[in-house]
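Please look through the structure shown below and then read the briefing, which moves from one end of the chain to the overall fold and its details.

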Amino acid sequence: MAQQQGQQSIQVAYAPYKTVTIDGDLSDWEDIIPVSITGKATDGTTRTYKARMAWDDNYFYFAAEIADDVQVSNLPFEQNPYAFPFNVDSIQLVFDTLDKKAEDLLAGDAHYEKACATSVDHLYVATLASNNVPELHRQAAPGTNYQTFYPTNAPLNPPLGPLNTGTTGTQEGQINVVRDNTKLLTTYEIAIAWSQLPELQARLQKLEQRNVLDVHFAFSVEDAGKAPAVGRSYWTNEAGILESGAYSFAPFWGTGLKSTGSRVITRWGFTR
Ligand SMILES: [Ca+2]
Ligand SMILES: [Ca+2]
């Protein structure tokens, strides 16, 4: 019998139960093995993006180290609410947490089922606005349909746009983004309060020790700017699990293709 030989890279997408501090220093993540995406620039060179996830009783946590030659930022939202955060250097976090969405008028149709419009339940965009202002935007949630925040659109519930990541009022999350122009590295550290992801929190509260909860999750990395900037890279593509037909990543126009991330059916294991 002939022997077969080969090599394959294995990545483990998991989120252990662990508390981290959102201070822009990722030393508290070192015991978590990252996943990585290899971004390909237009000149053929590559950039490495590393991401880690964790959770505790209060927050979902996400951290990333993004190799990026040139930082491209919007003005802070307060100064220009018309700018789209996903068009500049940014990270998108996409969750599929519900079997059905309230706005899915075709739910229950055997020929339809969960396919196009229902793939995404929560979408967040993290970015570093100019003057070192980190922003964490809500881009979609159950009930917001596929609208994108624009100042002249009618308000939605929950509202789109920046979350309250400050220390006054009801905090919805935390974010710290550190840009290092010497190392050409951008570091993101993000926490999303469970009040923003209640159905995922409910499932995690039932997770017993040493068990795993499979959640459909993906992230994307935008390297904006002039060539050789990478453009958009998707975890779904890196994982090799591409099924077209879903508007999963922003912007919600011209997407639904394998080349724009496709459906978020990549599994992420939450462990306890
Ligand atoms: Ca930290
Ligand atoms: Ca860039």
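G6 lies in the segment before β1, where strands (E, at least two residues) and helices (H or I, at least four) are DSSP runs numbered from the N terminus. With 4 C-beta neighbours inside 10 Å, G6 counts as exposed; a residue is exposed if 12 or fewer other C-beta atoms, placed from the backbone, lie within 10 Å of its own, buried if 20 or more do, and partly exposed in between. Although G6 and F270 are 264 residues apart along the chain, their C-alpha atoms are separated by 30 Å.

This is a predicted model, in which local features need pLDDT of at least 70 and side-chain atom pairs count only at pLDDT 80 or more, while totals for chains, interfaces and linings use all residues. Residues are numbered from 1 along each chain as its sequence is written, and chains are lettered from A and ligands numbered from 1 in the order in which they are written.

**Overall form**
- The protein has 2 helices and 13 strands, and its radius of gyration (taken over C-alpha atoms) is 18 Å, close to the 19 Å of the globule rule (2.2 Å times the number of residues to the power 0.38), so the protein is as compact as a globular protein of 272 residues.
- The C-alpha trace spans about 70 × 50 × 40 Å along its principal axes, and 38% of the 272 residues count as buried.
- Among contacts (C-beta atoms within 7 Å) between residues at least 6 apart in sequence, 61% join residues at least 24 apart.

**The open sheet**
- An open sheet of 5 strands has the order β2-β3-β4-β10-β9 with antiparallel pairing, where two strands pair if DSSP finds at least two bridges between them.
- The edge strands, each pairing on one side only, are β2 (35-40) and β9 (173-180).
- Strands β3 (residues 46-55) and β4 (residues 59-67) run antiparallel and are joined by 7 bridges, and the bridge partner of M53 in β4 is F62.

**Strand β13 and its partners**
- Strand β13 (residues 267-271) has a covered face made of W268 and F270, and an uncovered one made of R267, G269 and T271.
- Strand β1 (residues 14-15) runs parallel to β13 and is joined to it by 2 bridges, with Y14 standing opposite G269.
- Strand β11 (residues 212-223) runs antiparallel to β13 with 5 bridges, and here V212 stands opposite T271.

- Not counting residues up to four places away in sequence, V94 touches several residues, including V120, L123, F217 and V264.

- Most residues other than glycine have a negative phi, and most peptide bonds are trans.
- A cis peptide bond with omega about 5° joins N157 and P158, and P158 is in the loop between β7 (133-140) and β8 (161-162).
- The peptide bond from A250 to P251 is also cis, with omega near 0°, and P251 is in the loop between α2 (235-239) and β13.
- L184, in the loop between β9 and β10 (185-193), has a positive phi near 55°, and with 14 C-beta neighbours inside 10 Å L184 counts as partly exposed.
- S262 has a positive phi near 60° and is buried, with 25 other C-beta atoms within 10 Å.

Definitions and conventions
Contact = placed C-beta atoms within 7 Å.
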